[in-house]
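This report goes through a few local features of one protein chain. Keep the sequence and the structure in view while reading.

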Amino acid sequence: MQRLSVPGELAPPLQGHLRLGDPAHGPDAIEVNSRHLTRGGRPWFPVMGEFHYGRYPVGEWREELLKVRAGGVTAVSTYVFWNLHEERRGVFDWTGDRDLRRFVMTCAELGLDVVARIGPWGHGESRNGGFPDWVLAG
């Protein structure tokens, strides 16, 4: 017969040993301890999913993000593909389906955090890794 011993009380988690997270005790501060993440002083476990705004019509973002949230996702990761925003050297386009600000604001309205994956390399199956054609041509 084997016996299992369960301690009555755990020591509190170590804090401040990792230089990660926000300054302590902010209203929505994300902090790290030896056991878990906290947000606003409460244990927090983010669930992240990918959604590439530039690959969806802007008119469908809200409905699709609601589906993402309904699936349990709390944070959306998105690539900011360079070749999408500067197809021609020096000419930037942040409108319509390329409107990163509008995408982030839509996520915020739906209670979703955003992690913007800025390049220059974009590993999301984008032509040239997200580099514009003009970079490779010259």
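## A contact at the start of a helix

A polar contact is a pair of N or O atoms within 3.5 Å; within protein, one of the two must be able to donate a hydrogen and the other to accept it. The model discussed here is predicted. At the start of helix α3, a side-chain oxygen of D99 comes to within 3.3 Å of the backbone nitrogen of R101.

## The two sides of helix α3

Helix α3 consists of residues 100-109, and its buried residues are L100, F103, T106 and C107. Buried here means a relative accessible area under 20%, and exposed means over 50%.

What lies over the buried residues of α3? The cover includes helix α1 (61-70) and the strands β5 and β6. After α3 comes G111, which has a positive phi near 80°.

## The sheet

The strands β4, β5 and β6 form an open sheet of three, in the order β4-β5-β6, with parallel pairing. Strand β4 (48-50) and strand β6 are at the edges; each has a single partner strand, so one side of each has no neighbour in the sheet. On average, neighbouring strands of this sheet are turned by 30° against each other, with direction ignored.

How many bridges join β5 and β6? Strand β5, residues 75-80, pairs with β6 in the parallel sense over six bridges. Y79 has R117 in β6 as its bridge partner.

The loop between β6 (113-118) and α4 (133-137) contains P120. Is the peptide bond from G119 to P120 cis or trans? This bond is cis, and its omega is near 20°.

N128 is in the loop between β6 and α4 as well. The phi of N128 is positive, near 60°, although the residue is not a glycine. Most residues other than glycine have a negative phi, and most peptide bonds are trans. N128 has a relative accessibility of 29%, so this residue counts as partly exposed. That class holds values between the cut-offs for buried, under 20%, and exposed, over 50%.

Definitions and conventions:
Residues numbered from 1 in each chain as written. Predicted model: local features only at pLDDT ≥ 70, side-chain atom pairs only at ≥ 80, totals over all residues. Heavy atoms only, no water. Helix = DSSP H or I, 4+ residues; strand = E, 2+ residues; numbered from the N terminus. Buried < 20%, exposed > 50% of the residue type's maximum accessible area, 1.4 Å probe, protein only. Pairing = 2+ DSSP bridges. Axes fitted to C-alpha atoms, helices over the stretch in contact; angles between N-to-C directions. Contact = heavy atoms within 4.5 Å.
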